[in-house]
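Take a look at the fold below before reading on.

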Amino acid sequence: MLNWVKRFTLSLFSDSVAKSSITAGFANILLTSFLAFVFLFLGIFAGQNVTFTAHYNGADDFREFVYNAFCGPENAKPINVEVKNGAAEITSGGESVLINTFENESDANLYSLNGYHFVADSRNASATYDDFEAYCVKNGGNEEITYETYSALSESEKQNYRFAVRYTGKQKQITDSDAGVYKAYLATVKDEKISAQFKEIEDKKAQLSAEDYNNSVYELYLNAYYPDLYSVTGESVPTLRGYYYGLTLKSQGKYFCLFGDMVTASFKSYSSGVITFGGLYKDGNGLIVDGGADSGAAIDKFVKSIYSGSLPMLFLMDLLSAITVIVVTELVIVGGMLLCFALCKLKKNKICNTFGKCAKLVASYTHIAAFIAAVVALCLGFAFTGTAVALIAYITFAVILVVRTCVFMLRGKNQAEPVSSDDDGSYGLRTDLI
């Protein structure tokens, strides 16, 4: 047991201990490869997320902008966020506000600062329909035609156009009259799937409120009338979230948006990287400011609590999409094993004269190399952001494996492999290989 612990922890630092690893079973390869993935994943996640407070505290331009927006610029009252049942009411002077510095010049004059944009909209952006405009653009040019005109074209003529959507930022209200028009269209659709869905809505009509029924009819109508809608917008039904998302893409990563259901923001870090974050509200996690001396601390607490509240969801999302970490980790490990095998053949080394032995040797220090890379990623996460942190972890991991393998093979003697290890730490030799 003691020798296993030594091999498991010291192979990266001791040639003799690493040499003994080739007598271990292949199960160690699976264990250390799994641990390497775990260490790298945790190191990258921590380097990208745990360091948020340091980046936020050092983003002077962003904090000055946020203080100005919430404390109330000249001729404006402070903005407060009251959270109840996970939804926020955003008010100024006790009245609901709608602020959009992207498209409202007077709002921009008051709330924009240091190149940052500010949005405050108490509506549930992800569930509020946008009164969008659908149109088509001719390929290779800027000529636009209405979707109705496009629909009347022959199939060959349609190939010359592409579908497009223009968000308006205005809320779409579905009236009973609108629903009647949509139902009339759906009744003419010959697509069996659409027809089945329409019948299902009609069958459940008695169980739905008038609003939910009209909305269901509208959503199915859009699916039937604009079949390319999702591929263009990423939404089955265009919403205010899509509208605001399009605006933020033009902000060069400098914005703060408050919605009734969530917060999303992005700022330039002192490291020149961009930190993008967001989260949902929690009861008691509101913000009341009066422009006094304590307002800055209250705003800082609000921003950091929004971020910290999103960490569990971020962790789960990163874990579910960790295929990149798995693939890169395993590629680096296999690359290290192949390098070891190539060096063994080049030096005619009898210690690792098969790929299996090389694999066990490299695997014996794989997890320790990944742990060191994870620590490096966490530490350098204070100086770098986003993808750069992941690249640092991968590169560090690969460099450690390559250097350790090369040092072992180039420094080691052409001797026989150890076949066993005793409790006193001595190793037997296979004389038939000498």
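## Ground rules

This is a predicted model, where local features need pLDDT of at least 70, side-chain atom pairs count only at pLDDT 80 or more, and totals for chains, interfaces and linings use all residues. Residues are numbered from 1 along each chain as its sequence is written, and side-chain values use heavy atoms, leaving out hydrogens and water.

## The sheet

Five strands form an open sheet in the order β4-β5-β9-β10-β11, with mixed pairing. At the edges sit β4 (98-100) and β11 (274-280), each pairing on one side only. From one strand to the next, the twist averages 10 degrees. (Strands are DSSP runs of E, at least two residues, and helices are runs of H or I, at least four, numbered from the N terminus; two strands pair if DSSP finds at least two bridges between them.)

Strand β10 (residues 262-268) joins β11 in the antiparallel sense, over seven bridges. Opposite I275 in β11 you'll find F267.

## Helices on the sheet

Helix α13 (residues 240-248) packs on the sheet and touches β4, β5 (117-121) and β9 (255-259); contact means heavy atoms within 4.5 Å. Its direction makes about 35 degrees with that of β4. Angles run from 0 to 180 degrees between N-to-C directions, with axes fitted to C-alpha atoms, for helices over the stretch in contact.

Helix α14 (residues 295-320) lies across β9, β10 and β11, and runs at about 80 degrees to β11.

## A residue in α17

V407 belongs to helix α17 (residues 387-411). V407 is partly exposed, at a relative accessible area of 33%; buried is under 20%, exposed over 50%, and partly exposed in between, with a 1.4 Å probe and protein chains only.
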